[in-house]
Amino acid sequence: MSDSIILGIESSCDDTSAAIIKGNTILSNIAATQSIHKEYGGVVPELASRAHQQNIIPVVEKSVIKANIQQNAISAIGFTRGPGLLGSLLVGTSFAKSLAMSLDVPLIEVNHLQAHILAHFIEDANPMPPKFPFLCLTVSGGHTMIVLVKDYFDMEIIGKTIDDAAGEAFDKIGKIFDLDYPAGPIIDKLAKEGNPSSFTFNKPKLENYNYSFSGIKTSVLYFIQKEVKKNPHFIQENLNDLCASVQKAIIEILMNKLEKAAEELNIQEVAIAGGVSANSALRKAMEDNKIKKGWNIYIPKFEYTTDNAAMIAMVAQLKFERGEFTDLRTTATAKYDL
Ligand code: KG4
Ligand code: ZN
């Protein structure tokens with residue numbers, strides 16, 4: 001791998017992030033998370049783009065200072081072109097274009113989903129990078145899919161959610177429990193003190209490797225409505241057990257299909273990526289399969305799981321080596337297939 005220095009910029013949702021990579025070594029990875037959305041129980045697109053506009057220059061400046069490099073050492077600029085919230089993407093895209101023009105360096109567009117998967121190739125993401133072909137369960141607030149990764153830029157989605165994403169299920173169920181947004185990490189924390197076998201919820205029965213999470217959300221909602229009628233303090237009195245039970249159900253749904261895919265495709269290299277891959281029960285289930293099924297598992301370091309620019313810089317580095325540059329006339333895109 002070349003040891004060129006590349007700046008990566010990520011602004012697809014509610015994190016403004018900038019990172020500097022040299023070869024596949026991350027020199028800095030800075031993020032400004034937007035707390036404003038907590039008040040609204042979810043990301044408000046209009047507010048997200050305004051916050052990106054305020055954050056982007058200080059975040060990029062910090063990434064350059066932390067990496068201890070001169071601006072003129074940057075060989076290219078990579079940015080998230082999509083998928084994501086259009087207003088948010090526009091901020092990163094426009095900034096990346098202007099900076100590339102002023103520094104007179106190439107511009108490289110990056111697919112956010114590919115970046116979550118290729119984050120595994122960052123030097124300190126794993127002790128060893130995955131070997132092709134591998135399966136990658138990509139689970140975030142917006143996406144849930146099993147991807148067959150045949151090569152860096154040769155990926156096939158073999159299964160995906162037909163409705164809500166797994167992170168969305170965590171967040172929406174958290175809202176029912178009156179937890180702050182994003183509820184995924186809070187449920188994970190509360191579940192540690194709970195009994196996962198306390199309550200059971202409906203699981204989807206879908207063909208192939210597809211997922212559905214809207215059923216479990218409805219099942220939790222009806223169950224809670226029924227119980228709260230009998231005891232108004234039901235949620236507070238059972239919060240840890242509820243969180244542990246919901247987490248168990250979601251992770252079982254995720255793992256069942258991943259195990260089926262690994263078995264049927266005869267693949268032992270199995271990775272997870274995206275925000276939900278920070279979940280401790282999912283990490284534990286992967287560890288269990290390392291022993292039970294002999295999988296070689298790849299669980300990225302925490303800072304490379306949720307949205308971050310290090311993964312964008314990693315993809316930009318791979319594209320830089322291949323000479324895959326982007327025209328300055330490119331535009332952000334809310335939908336962007338793998
Ligand atoms: O990848 P990401 O940062 O942003 C998207 O591209 O969506 O993922 C954010 C999602 C949120 O839904 C959040 O609740 C979930 O990841 N998440 C978790 C955990 N940490 C983040 N879900 C469950 N357990 C966690 N520890
Ligand atoms: Zn993401």
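The entries below go from the ground rules to the metal site, then to the cores and the backbone.

**Entry 1: ground rules**

I am working with a predicted model, where local features need pLDDT of at least 70, side-chain atom pairs count only at pLDDT 80 or more, and totals for chains, interfaces and linings use all residues. Residues are numbered from 1 along each chain as its sequence is written, chains are lettered from A and ligands numbered from 1 in the order in which they are written, and side-chain values use heavy atoms, with hydrogens and water left out.

**Entry 2: the annotated positions**

I started with the UniProt record, an unreviewed entry, whose "binding site" annotation covers His 112, His 116 and Asp 307. These three span 196 residues in sequence, yet no two of their C-alpha atoms are more than 8.8 Å apart, so they gather at one spot. I kept in mind that UniProt positions are given in the numbering used here, that feature names are shortened, and that annotations may be inferred rather than shown by experiment.

The unreviewed entry also lists "domain: Gcp-like" for residues 25–313. Over that range I read 46% helix and 17% strand, with the end C-alpha atoms 10 Å apart. Helices (H or I, at least four residues) and strands (E, at least two) are DSSP runs, numbered from the N terminus.

**Entry 3: the zinc ion**

Which residues coordinate the zinc ion (ligand 2)? I found His 112 (NE2), His 116 (NE2) and Asp 307 (OD), at 2.1 to 2.2 Å. Donors here are N, O and S atoms within 2.8 Å of the metal (3.2 Å for Na, K and Ca), and sites may look incomplete because water is not among the atoms.

The angles among the four donor atoms run from 91 to 152°, and the site is irregular. For four donors, tetrahedral would need all angles between 85 and 135 degrees; square planar (four) or octahedral (six) would need opposite donors over 155 degrees apart and all others between 65 and 115; anything else is irregular.

In sequence, I noted the donor residue spacing as H-x3-H-x190-D. His 112 lies in helix α3 and Asp 307 in the loop between β10 and α9, so the pair ties together parts that are 195 residues apart in sequence.

Are His 112 and Asp 307 buried or exposed? His 112 is buried at a relative accessible area of 6%, and Asp 307 also counts as buried, at 18%. The cut-offs are under 20% for buried and over 50% for exposed, with partly exposed in between (1.4 Å probe, protein chains only).

The side chains of Asp 307 and His 112 make a polar contact of 3.1 Å, and another, of 3.3 Å, joins those of His 112 and Ser 12. A polar contact is a pair of N or O atoms within 3.5 Å; within protein, one must be able to donate a hydrogen and the other to accept it, and residues adjacent in sequence count only if both atoms are side-chain atoms.

Leaving aside neighbours within four places in sequence, I listed the contacts (heavy atoms within 4.5 Å). Those of His 112 include Glu 10, Thr 80, Gly 82 and Pro 83; those of Asp 307 include Glu 10, Cys 13 and Asp 15.

**Entry 4: the cores**

I looked next for nonpolar cores, meaning sets of buried Ala, Val, Leu, Ile, Met, Phe, Trp, Tyr and Cys residues joined through side-chain atoms within 4.5 Å. The largest has 50 residues, and Phe 177, Ile 250 and Leu 258 have the most contacts inside it. Helix α7 (234–265) is among the elements that give two or more residues to this core, and α7 gives the most, with 16 residues. A second, separate core of 35 residues includes Ile 26, Ala 76, Leu 113 and Val 315.

I found a cis peptide bond joining Gly 82 and Pro 83, with omega about -10°. Pro 83 lies in the loop between β4 (76–82) and α2 (86–103). The bond from Tyr 181 to Pro 182 is cis too, with omega near -10°.

Asp 178 has a positive phi near 65° without being a glycine, and is exposed at 71% relative accessibility. Asn 266, not a glycine either, has a positive phi of about 55° and counts as exposed at 67%.
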